[in-house]
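I opened this notebook to record what I looked up in one protein structure. The entries follow the order in which I worked.

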Amino acid sequence: MEIEFQRVGKKYDSGQEALSQVSFHLQQGEMAFLTGHSGAGKSTLMKLMMMIERQTSGQILIDGVDLRTLSRRAIPQHRRRVGVVFQNHQLLLDRSVFHNVALPLQVSGADHEQIAKRVRAALDKVGLLEKEKFNPMALSGGEQQRVGIARAVVNKPQLLLADEPTGNLDPKLSAEIMNLFQEFNRVGVTVLVASHDLALVARMRHRVLTLNQGRMVNDGGFA
Ligand SMILES: Nc1ncnc2c1ncn2[C@@H]1O[C@H](COP(=O)(O)OP(=O)(O)OP(=O)(O)O)[C@@H](O)[C@H]1O
């Protein structure tokens, strides 16, 4: 998936201007990091890409299509093409690892056999195939995060967004999670990872986008 922001602004109803005049272009198949202080606008930028929030100025083009021109019906279709990973992974604790990963497929109406195949393929990619019957509470923090990643990729998204995916993890586990994102990127998925961890971001040697008080202050260089 290819993404282009053209002078995008987002002002919340509260009056808070979270983004202003943000322009950048992510090529199909590119991987980049998004950094910036707390409140700089990282989550807002990702919410605009998922159409959870709408920009108040400027244009967002996804594969050349202006998001404002999408019909109401096209919005869920768009969201299915985007996989999202959060820091607090938001797993459901009343169901197994398997059923957590299966959720996005159930929403999109796939049959049982197909669901089982896709869920196991996703769990295999994150190295958790043998834990499919476990309750998420019985897993370590790093494993829980990998379940969240399996769930994000089970629909084979063309864009993977991760908002502070390593926030609670130690450096070794954080590096493992970043390597996983890199593997998805290697097979053609466009990946954008928001992270506070500048040392980790620098080690990954990808493009770095930096927000400061809602403005893009650095694009292209390494952290
Ligand atoms: N729903 C909302 N309503 C009003 N203001 C909001 C809303 N969401 C975010 N903001 C404000 O917009 C600004 C940017 O917030 P955002 O969550 O995008 O930053 P962030 O860079 O992701 O921060 P963090 O790293 O702390 O998650 C902040 O000032 C925040 O308080």
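I began with a term: two strands pair if DSSP finds at least two bridges between them. I took helices (H or I, at least four residues) and strands (E, at least two) as DSSP runs, numbered from the N terminus. With these terms I noted that L34 stands opposite L209 in β9.

**Entry 1: Source.** I recorded that residues are numbered from 1 along each chain as its sequence is written. I also recorded that this is a predicted model, in which local features need pLDDT of at least 70, side-chain atom pairs count only at pLDDT 80 or more, and totals for chains, interfaces and linings use all residues.

**Entry 2: Overall form.** I found seven helices and 10 strands in the protein. The radius of gyration, taken over C-alpha atoms, is 17 Å, close to the 17 Å from the globule rule for 223 residues, so the protein is as compact as a globular protein of that length. That rule is 2.2 Å times the number of residues to the power 0.38. I noted that the C-alpha trace spans about 45 × 40 × 35 Å along its principal axes.

**Entry 3: The six-stranded sheet.** I traced an open sheet with mixed pairing, in the order β6-β7-β8-β3-β9-β10. β6 (82–86) and β10 (215–219) are at the edges with a single partner strand each, so one side of each has no neighbour in the sheet. On average, neighbouring strands here are turned by 20° against each other, direction ignored. For angles, axes are lines fitted to C-alpha atoms, for helices over the stretch in contact, and values run from 0 to 180 degrees between N-to-C directions.

Strands β3 (residues 31–36) and β9 (residues 207–212) run parallel and are joined by five bridges. G36 has L211 in β9 as its bridge partner. L211 in turn has M216 as its bridge partner in β10. β9 and β10 run antiparallel, with four bridges, and they form a hairpin with two residues between them, where Q213 in the turn has a positive phi of about 45°.

Entry 4: I counted two residues as in contact if their C-beta atoms, placed from the backbone, lie within 7 Å. Helix α6 (residues 171–186) lies across β3, β7 and β8, and runs at about 155° to β8.

**Entry 5: The other hairpin.** I then turned to β1 (residues 3–11) and β2 (residues 17–26), which run antiparallel and are joined by six bridges. F5 has F24 in β2 as its bridge partner. Five residues lie between the two strands of this hairpin, and G15 in its turn has a positive phi of about 100°.

**Entry 6: The ligand.** Which residues surround the ligand? I listed Y12, S14, Q16, A18, G36, S38, G39, A40, G41, K42, S43 and T44, a residue being near if its C-beta atom, placed from the backbone, lies within 6 Å. Helix α1 gives the largest share of this shell, three residues. The shell divides into three nonpolar, eight polar and one charged. Here Ala, Val, Leu, Ile, Met, Phe, Trp, Tyr, Cys and Pro count as nonpolar, Asp, Glu, Lys and Arg as charged, and the others, Gly among them, as polar.

**Entry 7: Two domains.** I noted domain 1 (1–81 + 157–223) and domain 2 (91–152), with bounds from an automatic or database domain assignment. Contact involves 10 residues of domain 1 and seven of domain 2. On the domain 1 side, α6 supplies the largest share, four residues.
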